[in-house]
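Hello,

Here is the structure for your files. My notes follow below it.

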Amino acid sequence: MTIESILGAIVIGAVIGAIGRLLLPGRQAIGWILTIVVGIVAALVGTLIAQVMGVETTPGIDWIELLMQVVLAVVGVGLVAGLKRGSRV
C-alpha cells in the first residue's frame, strides 16, 4: 500500500462519510474522525460489493459504486450514532 492510496482512502472516506452524515436525518453525536472512519469502511465495503457485482469499472463516474458507498455510510453513521447514544445511558 502506498502513501497515495492511504491518503486517497482518507479523502474519499471523509467525503463519503460526510455525505452519509448529511443524508441521515437528525443530529448525530459522533465526531468527524469517527465519521471519516465510517466513510473509509463504507467506501471499501462498497467497492468490494461493486467488484463482486461486476459494476466497479464503468466509463466515467461509477455511479452505482458511489451510491452503494453512500448508502453504506448512512447506515454506518446511523449505527455508530445509535451505539454511542446507547452507551451513554
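**A buried arginine and its surroundings**

The side chains of Arg21 and Thr35 are joined by a polar contact of 2.9 Å. A polar contact here is a pair of N or O atoms within 3.5 Å; within protein, one must be able to donate a hydrogen and the other to accept it, and residues adjacent in sequence count only if both atoms are side-chain atoms. Please note that this is a predicted model, where local features need pLDDT of at least 70, side-chain atom pairs count only at pLDDT 80 or more, and totals for chains, interfaces and linings use all residues. Residues are numbered from 1 along each chain as its sequence is written, and side-chain values use heavy atoms, with hydrogens and water left out.

**More on Arg21**

Arg21 sits in helix 1, residues 3-23. Helices (H or I, at least four residues) and strands (E, at least two) are DSSP runs, numbered from the N terminus. The Arg21 side chain also reaches the backbone oxygen of Gln28, at 3.1 Å. What is the nearest side chain of opposite charge to Arg21? It is Glu65, 23 Å away. Arg21 is buried and has no salt bridge. Buried means under 20% relative accessible area, exposed over 50%, partly exposed in between (1.4 Å probe, protein chains only). A salt bridge is a side-chain nitrogen of Lys or Arg within 4 Å of a carboxyl oxygen of Asp or Glu. Not counting residues up to four places away in sequence, Arg21 touches Gln28, Ile30, Gly31, Trp32, Thr35 and Val77. Contact means heavy atoms within 4.5 Å.

**Helix 2**

Val38 lies in helix 2, residues 32-53. Its relative accessible area is 9%, so Val38 counts as buried. Beyond its neighbours within four places in sequence, Val38 contacts Ala73, Gly76, Val77 and Val80. Val38 and Met53 are 15 residues apart along the chain, with 22 Å between their C-alpha atoms.

Gly39 is in helix 2 too. Is Gly39 buried or exposed? Buried, because its relative accessible area is 0%. Gly39 contacts Gly13, Ile16 and Gly17, leaving aside neighbours within four places in sequence. The C-alpha atoms of Gly39 and Gly17 are 3.8 Å apart, across 22 residues of sequence.

Asp62 is in the loop between helix 2 and helix 3 (63-87). Asp62 is partly exposed because its relative accessible area is 21%. From Asp62 to Gly13 the C-alpha distance is 16 Å, and the two are 49 residues apart along the chain.

**The chain overall**

The chain has 3 helices and 0 strands. The C-alpha trace spans about 45 × 25 × 20 Å along its principal axes. Of the 89 residues, 28% are buried. Among contacts with a separation of 6 or more, 62% join residues 24 or more positions apart.

There are 5 positive and 4 negative side chains, and the centres of the two sets lie 31 Å apart. Lys and Arg count as positive and Asp and Glu as negative; His and the chain ends are not counted. The place of a charge is taken as NZ of Lys, CZ of Arg, CG of Asp or CD of Glu.

Best wishes
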